[in-house]
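Here is a short note to read alongside the structure. Take the points one at a time, and keep the 3D view open as you go.

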Amino acid sequence: MKNQYFGDVNDYRKYGLLRTLSRTSGLSIGVCWLLTKDDKRTDGEFRNYLSAPHLWQHYDSELYNRLQRLLQPGVQRSVRYAREWNLIPQATYFEPSLVDKHTDRDAYFKAAWAALHGCDLIFLDPDNGIEVQSTRRGTRGSAKYVYWLELQQAFSRGNSLLIYQHFPRKPRKCFILSLAHRLAEELGALVTPFLTAHVVFFLVQQPGHTAALRAATAEVGPVWRGQIDVWPDVWPREPILKPIQ
């Protein structure tokens, strides 16, 4: 995540998804930004929706009205407003920046898991998504990704996960299904993909959270019709990992 993208239409869908999951499931939410430095690019300038309430407000009017504060003079884009504007009620946030260096990553996630201890569902918001083969952990550009090691760490502590994933230049359907199946197998968990126009989110569910999350997932489609498509669940072949006691 970068501050420069805060409040764009992807964020509206993202917070809307988290709010729906939280409200309906009753699970507590932790947000790990994986925050990186702004790069001054303009490929995330999707904020025209804030000037079109007749088209967008009805999905979540409370959330929409709060994000419209970005239109006020002098309001800079920053993820801190997610906390200050209470965009996800009662959420816990881990806001430090992430850098590439291997040892710094280790310290970052050790602190993140401690800060988000007790949260049922952790949202991970990397710039690009899950690691790719061309960028090893700790090398240049690795701060843009969350790595399988880190997903294992979080899931083994008993957290369900919601993971942001950018689309690479591949056929979307094949990419989503392939990554959903790998998540299910790597973590031994039920996975539900949520497709939007620009990104996909993967919900990786602990067995103790599945009933609550499936009920919440059923609410996402009707509320966010046309913006968030709920894909069929992907199940693992092996039993789910046991959380660390």
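1. Let us begin with a term: a polar contact is a pair of N or O atoms within 3.5 Å, and within protein one of them must be able to donate a hydrogen and the other to accept it. With that in hand, look at Arg66: a polar atom of its side chain lies 2.8 Å from the backbone oxygen of Asn86. Please remember throughout that this is a predicted model.

2. Stay with Arg66 for a moment. This residue belongs to helix α3, which covers residues 61–67. Is Arg66 buried or exposed? Arg66 is buried, because its relative accessible area is 18% and buried means under 20%. The side chain of Arg66 also has a polar atom 3.2 Å from the backbone oxygen of Trp85. If you set aside the neighbours within four places in sequence, the residues in contact with Arg66 are Arg19, Trp85, Asn86 and Leu87.

3. Now step back to the whole chain. How many helices and strands does the protein chain have? There are eight helices and nine strands. The radius of gyration is 17 Å, close to the 18 Å that the globule rule gives for 245 residues, so the chain is as compact as a globular protein of that length. Along its principal axes, the C-alpha trace spans about 50 × 40 × 35 Å.

4. Of the 245 residues in the protein chain, 53% are buried. The chain exposes about 11700 Å², and carbon and sulfur atoms supply 51% of that area. Among contacts with a separation of 6 or more, 72% are between residues 24 or more positions apart.

5. Next, find helix α5, residues 102–115. Its 14 residues reach 20 Å from the first C-alpha to the last, close to the 20 Å expected at 1.5 Å a residue. Which residues of α5 are buried? They are Arg105, Tyr108, Phe109, Ala112 and Trp113. These residues cover an arc of only 125° around the axis, which means that they sit on the same side of α5.

6. What lies on either side of α5? The buried residues pack against β1 (29–32), β2 (92–94), β3 (121–124), β5 (145–146) and α6 (148–156). The face turned away from the buried side carries Lys110 and Ala114, which are exposed.

7. Finally, look at Phe194, which is found in strand β7. Phe194 is buried, with a relative accessible area of 0%. Leaving aside neighbours within four places in sequence, its contacts include Thr217 and Val220, along with Leu17, Leu162 and Val230. Phe194 and Met1 are 193 residues apart in sequence, and their C-alpha atoms are 18 Å apart in space.

How values were computed. Residues numbered from 1 in each chain as written. Predicted model: local features only at pLDDT ≥ 70, side-chain atom pairs only at ≥ 80, totals over all residues. Heavy atoms only, no water. Helix = DSSP H or I, 4+ residues; strand = E, 2+ residues; numbered from the N terminus. Buried < 20%, exposed > 50% of the residue type's maximum accessible area, 1.4 Å probe, protein only. Contact = heavy atoms within 4.5 Å. Expected span 1.5 Å × (residues − 1). Arc of directions from axis to C-beta. Rg over C-alpha atoms; globule rule 2.2 N^0.38 Å. Areas by Shrake-Rupley, 256 points an atom, 1.4 Å probe, with all protein chains shown as cover.
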